[in-house]
Protein chains: 2
Amino acid sequence: MENDKMVRAKEVYIKSDPSSGKMVILKEDAEAKRYFLMFVGDAEFAAIAKEQGLVDPRRPLTHQLYLSIIDKLPVEFVRVEITHMKEDTFFASVVFNADGVEHRMDSRPSDGVALALNRKIPIMVNEKLFRRELTQEEIEEYEGIVKTIKF
Amino acid sequence: MENDKMVRAKEVYIKSDPSSGKMVILKEDAEAKRYFLMFVGDAEFAAIAKEQGLVDPRRPLTHQLYLSIIDKLPVEFVRVEITHMKEDTFFASVVFNADGVEHRMDSRPSDGVALALNRKIPIMVNEKLFRRELTQEEIEEYEGIVKTIKF
């Protein structure tokens with residue numbers, strides 16, 4: 001993993017589909033043929049949609065509460081890294097400086113993406129996690145696998 | 001509101017019901033006849049259930065991610081207050097010290113309860129928000145009102 005190439009994903013798309021559920025898709029840029037896709041829960045989907053200005057919740061969401069607390073503290077968020085998949089689950093890290101010391105915290109990728117959009121920091125994705133454009137059959141097979149994920 | 005009596009809720013119960021949804025119930029103690037009841041979303045329910053040791057998510061939930069970040073910082077959480085209801089929505093505050101300065105942050109009560117359980121700090125509820133034991137008819141009427149809440 002240490003030697004894997006990390007690629008910056010500048011484009012974040014969300015998609016809600018009655019049959020397959022809620023998805024987040026990351027791409028290097030709008031024209032890129034490869035992409036990273038993950039399925040997310042309702043709250044994580046709402047948090048990302050909020051950061052994109054697509055919804056305006058009346059009350060602070062969980063990550064807004066904590067970011068408003070963190071705003072009172074000497075913290076600088078650096079980047080989010082989506083690093084690997086293990087047992088059908090994607091893993092991510094949030095990299096931040098607290099009082100000048102760099103830390104790396106284990107995170108679900110969905111939380112990482114919402115945080116990155118809020119703080120306008122880079123989202124880096126392990127190149128190996130990108131997929132090329134899939135055929136419909138491949139998409140169905142993939143969704144079948146990913147939908148077995150439990151948290 | 002300034003003069004309202006705040007009562008400490010030592011007991012936190014959660015309940016999931018197919019027809020009415022997911023609820024959190026707060027009581028002063030196990031024998032108390034009055035209680036505070038709120039409906040919560042799936043993610044907030046999971047966060048509270050996790051803090052109660054009822055579920056063990058494989059990956060960090062949103063509030064765990066942020067609390068693990070905050071653990072690197074000079075923060076002390078003091079208490080959570082559920083203060084009032086406005087337009088069918090309950091409001092809460094998280095009180096904390098950062099670098100010796102006290103702050104008060106606007107919060108959804110469900111986030112506040114999960115945080116309070118995690119940090120073992122008091123949950124204070126405005127006495128006016130407590131309800132006595134309800135009849136079945138009253139419960140249905142109340143649920144009808146509360147279920148119209150949008151966030």
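## The interface between the chains

Chain B and chain A bury about 3,500 Å² between them, and 67% of this area lies on carbon and sulfur atoms; the model from which these values are computed is a predicted one. The contact draws 38 residues from chain B and 38 residues from chain A. Because 100% of the interface residues of chain B are also interface residues in chain A, the copies meet through the same surface.

Between chain B and chain A there are 12 residue pairs in polar contact, counted where both residues have pLDDT 80 or more. On the side of chain B that touches chain A, the elements giving two or more residues are helix 1 (42–51), helix 2 (62–70), strand 5 (75–86), strand 6 (89–98), strand 7 (101–107) and helix 3 (109–119) of chain B. Helix 2 of chain B gives the most to this side, with eight residues, and the residues of the side as a whole divide into 23 nonpolar, six polar and nine charged.

## Symmetry of the two copies

Chain B is superposed on chain A by a rotation of 180 degrees with 0.0 Å of shift along its axis, at an RMSD of 0.0 Å. The two copies are thus related as by a two-fold rotation axis.

## Salt bridges across the interface

Four salt bridges are found across the interface of chain B and chain A. A salt bridge joins B:Asp106 to A:Arg59, with the closest N and O atoms 2.8 Å apart.

## Salt bridges within the chains

Over all chains, the structure holds 24 salt bridges. In one of them A:Lys22 pairs with A:Asp42, the closest N and O atoms being 3.2 Å apart. Since A:Lys22 lies in strand 3 (residues 21–27) of chain A and A:Asp42 in helix 1 (residues 42–51) of chain A, the pair ties together parts that are 20 residues apart in sequence. A:Lys22 itself, at 26% relative accessibility, counts as partly exposed.

A:Asp71 forms a salt bridge with A:Arg119, where the closest N and O atoms are 2.8 Å apart. This pair links distant parts of the chain, with A:Asp71 in the loop between helix 2 (62–70) and strand 5 (75–86) of chain A and A:Arg119 in helix 3 (residues 109–119) of chain A, 48 residues apart.

In chain B, B:Glu44 forms a salt bridge with B:Arg108 whose closest N and O atoms are 3.2 Å apart. B:Glu44 lies in helix 1 of chain B and B:Arg108 in the loop between strand 7 and helix 3 of chain B, so the pair ties together parts that are 64 residues apart in sequence; both B:Glu44 and B:Arg108 are buried.

Technical notes: Residues are numbered from 1 along each chain as its sequence is written. Chains are lettered from A and ligands numbered from 1 in the order in which they are written. This is a predicted model: local features need pLDDT of at least 70, side-chain atom pairs count only at pLDDT 80 or more; totals for chains, interfaces and linings use all residues. Side-chain values use heavy atoms; hydrogens and water are left out. Copies are superposed by least squares on the C-alpha atoms of residues with pLDDT of at least 70 in both. Contact means heavy atoms within 4.5 Å. Buried area is the accessible area (1.4 Å probe) that two parts lose on being put together, summed over both. A salt bridge is a side-chain nitrogen of Lys or Arg within 4 Å of a carboxyl oxygen of Asp or Glu. A polar contact is a pair of N or O atoms within 3.5 Å; within protein, one must be able to donate a hydrogen and the other to accept it, and residues adjacent in sequence count only if both atoms are side-chain atoms. Helices (H or I, at least four residues) and strands (E, at least two) are DSSP runs, numbered from the N terminus. Ala, Val, Leu, Ile, Met, Phe, Trp, Tyr, Cys and Pro count as nonpolar, Asp, Glu, Lys and Arg as charged, and the others, Gly among them, as polar. Buried means under 20% relative accessible area, exposed over 50%, partly exposed in between (1.4 Å probe, protein chains only).
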